[in-house]
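Subject: Model handover and interface notes

Hello,

Here is the model you asked for, with notes on its interfaces to follow. Please read the notes with the structure open.

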Protein chains: 12
Amino acid sequence: MSESIYKFIELVGTSEKSWEDAVASVVKKASETLRDLRIAEVLTLDAKIEKGNILLYRAKVKLSFKFQNE
Amino acid sequence: MSESIYKFIELVGTSEKSWEDAVASVVKKASETLRDLRIAEVLTLDAKIEKGNILLYRAKVKLSFKFQNE
Amino acid sequence: MSESIYKFIELVGTSEKSWEDAVASVVKKASETLRDLRIAEVLTLDAKIEKGNILLYRAKVKLSFKFQNE
Amino acid sequence: MSESIYKFIELVGTSEKSWEDAVASVVKKASETLRDLRIAEVLTLDAKIEKGNILLYRAKVKLSFKFQNE
Amino acid sequence: MSESIYKFIELVGTSEKSWEDAVASVVKKASETLRDLRIAEVLTLDAKIEKGNILLYRAKVKLSFKFQNE
Amino acid sequence: MSESIYKFIELVGTSEKSWEDAVASVVKKASETLRDLRIAEVLTLDAKIEKGNILLYRAKVKLSFKFQNE
Amino acid sequence: MSESIYKFIELVGTSEKSWEDAVASVVKKASETLRDLRIAEVLTLDAKIEKGNILLYRAKVKLSFKFQNE
Amino acid sequence: MSESIYKFIELVGTSEKSWEDAVASVVKKASETLRDLRIAEVLTLDAKIEKGNILLYRAKVKLSFKFQNE
Amino acid sequence: MSESIYKFIELVGTSEKSWEDAVASVVKKASETLRDLRIAEVLTLDAKIEKGNILLYRAKVKLSFKFQNE
Amino acid sequence: MSESIYKFIELVGTSEKSWEDAVASVVKKASETLRDLRIAEVLTLDAKIEKGNILLYRAKVKLSFKFQNE
Amino acid sequence: MSESIYKFIELVGTSEKSWEDAVASVVKKASETLRDLRIAEVLTLDAKIEKGNILLYRAKVKLSFKFQNE
Amino acid sequence: MSESIYKFIELVGTSEKSWEDAVASVVKKASETLRDLRIAEVLTLDAKIEKGNILLYRAKVKLSFKFQNE
């Protein structure tokens with residue numbers, strides 16, 4: 001068990017619906033190429049505004065996954 | 001392009017439904033008097049509690065908009 | 001009015017639906033034994049991932065309530 | 001109740017007596033033009049020194065008040 | 001000497017006079033039920049405002065005391 | 001001397017040359033309408049990139065100036 | 001799985017040997033009365049000094065464990 | 001004017017009366033040997049407790065003064 | 001528009017002239033292999049010293065660019 | 001000398017013995033594929049607990065190494 | 001090699017030209033009396049303003065140098 | 001008792017064995033010239049790496065000791 005090394009990367013994703021959905025989109029995209037994704041920590045949340053309405057919810061997350069020889 | 005100056009202000013808004021909705025209410029209200037709102041960054045999120053239930057979702061945001069001679 | 005003393009504790013709760021729901025579950029559970037819960041401040045948000053999907057939304061909150069002789 | 005939007009501003013005030021007095025002077029001055037002041041959070045405290053004595057106590061505070069169309 | 005374990009809790013107290021007095025009221029109340037209080041670190045200071053005057057000084061403190069089997 | 005109250009605002013300015021120039025442009029613009037500007041503290045520095053070159057230097061500053069009845 | 005609520009507490013422990021040992025002593029003591037201890041996060045490390053030597057290694061940790069009705 | 005170099009040091013002082021007095025005692029002591037003290041910024045405030053009462057108010061400050069060849 | 005996912009990496013670059021130049025050198029080097037670089041946020045600035053002169057200006061930046069399957 | 005660009009990554013490693021050993025395991029693993037590792041800064045330390053004992057020491061580190069075209 | 005002990009001090013310097021120059025002036029002055037200066041880390045940057053123009057660039061730096069018996 | 005003034009300085013020490021040993025080396029060296037050393041708080045821990053192994057453990061500490069007229 002003491003052998004596992006995990007790596008962290010920072011990504012930002014967006015959604016027109018909610019921050020939960022913005023995080024889900026990042027996780028989905030990242031899981032196509034990264035193995036054993038474990039946790040997505042929220043670093044920052046913001047929203048892009050257009051004409052008094054929220055256009056996009058954005059979530060910057062730190063993702064952890066199993067470190068491989070790159 | 002290098003001419004634009006943006007200003008930031010901090011506001012807190014509330015909603016009975018969600019934090020997304022609390023931010024949307026701040027943005028809507030602020031857009032009545034501030035020009036060219038761009039981004040609402042979330043600074044803090046909390047919730048007011050009454051009898052074991054969440055009464056209000058509150059979001060404190062930093063809003064950026066075009067700086068005018070005030 | 002100057003007599004009230006409030007205490008803060010940190011709890012983490014989870015939900016399969018949203019962070020709002022994760023906070024609500026913490027508040028509900030804590031309200032069974034703590035008197036006069038007032039505010040739940042969000043400290044951190046994250047999500048557990050399984051096979052490219054979000055399994056659980058987690059919210060770490062700081063709860064304030066009336067301090068009693070323990 | 002969910003309609004209220006509050007705004008925050010940062011001010012620094014001074015007093016020759018104490019930091020409590022420095023905050024009181026900021027609050028008094030600000031209340032002349034801002035409606036519904038609620039809370040003054042202390043951000044930083046310092047003191048100006050002259051010849052080994054404290055000349056002025058300074059308090060930088062974040063004030064919250066009802067947001068109006070400006 | 002290496003046997004002692006100390007615990008920290010966060011409390012907020014208030015006073016109409018000063019922040020020193022707000023901390024003293026927290027310490028007094030907590031000492032009724034907690035053994036061997038040692039240090040009260042100030043985490044945040046703020047003030048509630050009413051009609052341009054300070055109504056209450058509030059101090060949020062972290063108290064350390066001897067950890068007992070609870 | 002204990003009468004002065006100062007206010008802080010956050011602005012971001014840009015320049016194609018340097019961060020010093022970005023701050024100078026903010027100061028110049030703000031001084032058209034704000035009295036007694038004193039200090040511009042740098043909060044963050046960044047740069048917009050286009051095709052491997054820096055397009056714009058941006059500086060987010062906190063400006064202090066004499067607080068007036070608004 | 002979404003039912004679990006975890007609580008965090010802060011404790012400081014000491015050792016004459018090392019910080020690892022200081023944390024182990026906190027964990028051992030806390031486990032006598034708290035159920036399902038999971039993680040001990042290190043918040044701060046310091047050392048008490050006497051006559052140019054380290055007398056005690058101290059570790060302040062945040063412990064998480066299953067939240068029970070208290 | 002651009003020639004001046006200032007140095008900062010951290011000191012902690014105590015008082016049985018108030019934090020203002022604790023800072024004043026630090027400033028007085030430091031001014032015996034350091035030239036041109038300007039500002040004492042408060043870094044942390046705490047209080048030592050004995051039998052449910054505050055024994056000592058402590059203030060940790062950062063002092064700035066003219067840098068000399070040492 | 002909600003499809004874009006951006007990644008952040010941290011790099012440090014150096015220059016004998018200025019921090020602006022240190023950032024430009026990082027951006028230039030990174031743009032050889034990373035697509036759609038957008039923003040370089042400055043995290044820290046420092047300088048290496050030799051015999052009382054500045055030898056190298058160093059800038060640690062966080063770069064954002066379009067996330068690709070790696 | 002001004003040509004070198006360094007990159008930073010975050011990894012977490014574990015050991016049953018100590019935090020020093022946890023960092024050494026991260027460094028060893030990373031050095032198999034990354035060139036010119038220089039510094040491992042400790043970001044956080046924690047420990048996994050099982051039945052009142054420490055099961056694993058974990059260290060989250062930021063590693064710097066020579067940036068290559070990837 | 002494991003014998004070296006380095007000390008850090010905080011200084012603030014100024015320049016009418018740029019922040020690079022403000023740091024250089026601190027380094028030059030400090031090098032007259034301190035041995036083996038290595039790194040000047042920038043802590044804060046600000047600017048004094050007069051009549052809408054920048055009068056002085058100020059840089060607060062942390063300098064490291066070889067620790068001697070003082 | 002309220003007469004004591006303590007000063008803090010920052011030093012970094014190294015060891016080929018452990019961070020505990022790096023701190024001990026700083027304390028030993030500093031105690032040759034500074035009176036009444038009390039506490040060494042750990043500010044940062046890192047490690048220098050050579051060929052995939054840890055060459056040196058480094059600890060940056062804040063030391064407190066009795067303030068004397070310098």
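Two strands count as paired if DSSP finds at least two bridges between them. Strands (E, at least two residues) and helices (H or I, at least four) are DSSP runs, numbered from the N terminus. This is a predicted model, in which local features need pLDDT of at least 70 and side-chain atom pairs count only at pLDDT 80 or more, while totals for chains, interfaces and linings use all residues. Residues are numbered from 1 along each chain as its sequence is written, chains are lettered from A and ligands numbered from 1 in the order in which they are written, and side-chain values use heavy atoms, with hydrogens and water left out.

Chains A and J

Strand β1 of chain A (residues 6-15) pairs with strand β1 of chain J (residues 6-15) in the antiparallel sense, over 3 bridges. In this pairing Lys7(A) stands opposite Leu11(J).

Contact here means heavy atoms within 4.5 Å. By that rule, 14 residues of chain A touch 18 residues of chain J. The size of an interface is often given as the accessible area lost when the parts come together. I use buried area in that sense: the accessible area (1.4 Å probe) that two parts lose on being put together, summed over both. For chain A and chain J the buried area is about 1,300 Å², and carbon and sulfur atoms give 60% of it.

A salt bridge is taken as a side-chain nitrogen of Lys or Arg within 4 Å of a carboxyl oxygen of Asp or Glu. The rule finds 1 salt bridge across the interface of chain A and chain J. Its partners are Glu10(J) and Lys62(A), with the closest N and O atoms 2.9 Å apart. There are also 3 residue pairs in polar contact between chain A and chain J, both residues being at pLDDT 80 or more. A polar contact is a pair of N or O atoms within 3.5 Å; within protein, one must be able to donate a hydrogen and the other to accept it, and residues adjacent in sequence count only if both atoms are side-chain atoms.

On the side of chain A that touches chain J, the largest share, 3 residues, comes from β1(A). That side has 5 nonpolar, 3 polar and 6 charged residues. The classes are: Ala, Val, Leu, Ile, Met, Phe, Trp, Tyr, Cys and Pro nonpolar; Asp, Glu, Lys and Arg charged; the others, Gly among them, polar.

Chain A is superposed on chain J by a rotation of 120 degrees with 0.0 Å of shift along the axis, at an RMSD of 0.0 Å. Superposition is by least squares on the C-alpha atoms of residues with pLDDT of at least 70 in both copies. The residue of chain A that comes closest to the rotation axis is Ile9(A), at 4.5 Å (C-alpha).

Chains D and H

In this interface, 14 residues of chain D are in contact with 15 residues of chain H. The two chains bury about 1,000 Å² between them, 67% of it on carbon and sulfur atoms. The count of salt bridges is 0, and 4 residue pairs are in polar contact, both residues at pLDDT 80 or more. On the chain D side, α1 (19-31), β2 (39-50) and β3 (53-66) each supply at least two residues. The largest share, 5 residues, comes from β2(D). By class, the side of chain D that touches chain H has 6 nonpolar, 3 polar and 5 charged residues.

β2(D) and strand β2 of chain H (residues 39-50) run antiparallel and are joined by 3 bridges. Asp46(D) stands opposite Glu41(H) there.

Chain K

β2(K) pairs antiparallel with β2 of chain F (residues 39-50) over 3 bridges, with Glu41(F) opposite Asp46(K). Another 3 bridges join β2(K) to β2 of chain I (residues 39-50), also antiparallel, and Asp46(I) stands opposite Glu41(K).

Within chain K, 11 bridges join β2(K) to β3(K) (residues 53-66), which run antiparallel. Glu50(K) stands opposite Asn53(K). The hairpin of these strands has 2 residues between them, and Lys51(K) takes a positive phi near 55 degrees.

Regards
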